[in-house]
Amino acid sequence: MAHVVLKNLIKTYGGYNAVNDVSLTINDGEFVALVGPSGCGKTTTLNLVAGLTSLTSGEILIGERLVNDVDPKNRDIAMVFQNYALYPQKTVYANLAFPLQMRKLPRDEIDRKVKQAAQMLDMTHLLERKPRELSGGQQQRVALGRALVRDPAVFLMDEPLSNLDAKLRVQMRSEIKRFHQDLKATIIYVTHDQLEAVTMADKLAVMSGGNLQQYDSPAKVFANPVNMFVASFIGSPAMSLVPLTASTVDGRAVLAGAEGWTLALSPLNARKVQRATSSKVVLGARHSTIKLTTSAVPGAIPAKAYTVEPTGDVTFVQAMLSGAIVNISVPPDVAVEADQPIWLAFDQDRMHLFDGATELALKAD
């Protein structure tokens with residue numbers, strides 16, 4: 001396997017930057033997910049690494065080799081696509097063997113590699129079947145096996161699970177994660193599904209509008225989003241974002257809501273608010289960090305339940321607050337109805353504050 005370095009990648013179509021000055025390093029054996037909404041530039045970035053799309057400017061290194069002008073077939077990569085791209089007339093064995101035959105490997109070596117890949121992916125019993133006889137999950141496993149037999153320096157995967165149903169996606173997530181752990185493979189994985197990315201990857205490269213927004217471990221991206229886009233994209237349900245106004249009451253920093261209530265801030269959060277470029281501040285909070293009560297308590301903010309979604313082991317309540325919808329999780333035995341008055345208490349140690357003008361996270365120093 002090998003490390004991959006992307007330096008200031010730019011891909012322009014006319015006057016539009018599909019990829020805008022993206023730089024990141026994928027270490028040897030690392031699983032990195034490029035994640036973001038449709039049109040954010042993640043697939044274009046993957047295609048640049050593969051050589052399927054030409055660079056406007058920047059550098060791509062695989063191992064120590066600059067591959068900007070190297071043909072895709074000579075970059076020592078293997079791709080797994082969304083549509084599997086299997087040969088329908090060939091058996092599973094023949095599909096796995098085909099890329100090795102193109103490299104003119106000896107027949108006994110091809111046989112060894114095919115059977116080794118089939119054993120690793122638990123599909124030895126499928127070798128004589130054709131793709132139409134396989135389930136979606138089995139076809140995806142064959143696509144993985146075809147990439148595996150090539151023994152590439154880097155695996156590139158473009159939304160490989162998006163054609164599967166929900167149950168199969170969960171199963172294949174586990175299989176791809178185990179595939180990575182067993183091979184210690186370098187993997188660049190594109191997905192729009194942030195849950196898929198968080199559960200499998202060592203690092204997330206969160207993209208929006210062709211720009212790299214944040215590059216870090218899933219835990220750090222979840223706990224410390226650098227801006228409002230990352231905060232609202234990573235997490236399920238998404239982080240609630242409430243636009244408020246910062247002011248001072250009796251010498252103490254507070255956030256004021258459109259309904260007239262105020263929320264006194266801890267000394268640490270007060271210092272964060274002082275760094276905002278204007279009085280417009282956005283409060284961010286995860287559903288699990290908000291306490292809901294059905295009667296007024298000190299420090300809690302009045303709100304109104306909007307919808308209630310029981311899921312079995314937890315109930316999600318959406319509340320209207322200052323024109324925004326706030327997600328709160330409560331135990332299933334907590335009875336809440338739509339339009340019911342409720343009160344919300346925010347955990348000052350786990351709330352996030354963002355500059356309303358720049359949308360960047362506010363730091364205390």
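Before looking up accessibilities I set down the cut-offs: a residue is buried under 20% relative accessible area, exposed over 50%, and partly exposed in between. I also note that the model is predicted.

**Entry 1: a stacked ring pair**

Phenylalanine 233, at 17% relative accessibility, counts as buried. Both residues belong to helix α8 (residues 228–233), where they are four residues apart, about one turn of the helix. In general, an α-helix has 3.6 residues a turn, so residues three or four places apart point the same way.

How many aromatic pairs does a search of the whole structure find? I found four. One of them joins phenylalanine 229 and phenylalanine 233. This pair is stacked, with 5.6 Å centre to centre and 15 degrees between the planes.

**Entry 2: charges over rings**

I then looked up which charged side chains lie over a ring face. Arginine 286 lies over the face of phenylalanine 222, at 4.0 Å from the ring centre. Lysine 90 lies over the face of tyrosine 87, and there the figure is 5.8 Å from the ring centre.

**Entry 3: the sheet of four strands**

I traced an open sheet of four strands in the order β2-β1-β4-β5, with antiparallel pairing. Why is one side of β2 and of β5 left without a neighbour in the sheet? β2 (16–26) and β5 stand at the edges, each with a single partner strand, so one side of each has no neighbour there.

Helix α1 (residues 42–50) packs on this sheet and touches β1, β2 and β4. The direction of α1 makes about 115 degrees with that of β1.

Within the sheet, strand β1 (residues 4–13) pairs with strand β4 (residues 57–62) in the antiparallel sense over five bridges. Leucine 6 stands opposite isoleucine 60 in β4. β4 also pairs with strand β5 (residues 65–66), antiparallel, over two bridges. For leucine 61 I recorded leucine 66, in β5, as the bridge partner. The hairpin of β4 and β5 has two residues between the strands, and in it glycine 63 takes a positive phi near 65 degrees.

**Entry 4: burial of α1**

Is α1 largely enclosed by the rest of the structure or left open? Eight of its nine residues are buried, so α1 is largely enclosed. Among the buried residues I list Leu46, Leu48, Val49 and Ala50, as well as Lys42 and Asn47. Just after α1, glycine 51 takes a positive phi of about 90 degrees.

**Entry 5: the sheet of five strands**

I traced another open sheet, in which five strands follow the order β13-β12-β11-β14-β20 with antiparallel pairing. Its edge strands are β13 (262–264) and β20 (352–355), each pairing on one side only. From one strand to the next, the twist averages 40 degrees.

Strand β14 (residues 280–285) and β20 pair in the antiparallel sense over four bridges. The bridge partner of glycine 284 is histidine 352 in β20.

Which helix packs on this sheet? It is helix α9 (residues 267–274), which touches β11 (240–249), β12 (252–256), β14 and β20. The direction of α9 makes about 10 degrees with that of β20.

Terms used
Residues numbered from 1 in each chain as written. Predicted model: local features only at pLDDT ≥ 70, side-chain atom pairs only at ≥ 80, totals over all residues. Heavy atoms only, no water. Pairing = 2+ DSSP bridges. Contact = heavy atoms within 4.5 Å. Axes fitted to C-alpha atoms, helices over the stretch in contact; angles between N-to-C directions. Phe/Tyr/Trp six-rings, centres within 6.5 Å; stacked < 30°, edge-to-face > 60°. Buried < 20%, exposed > 50% of the residue type's maximum accessible area, 1.4 Å probe, protein only. Lys NZ or Arg CZ within 6 Å of the ring centre and 35° of its normal.
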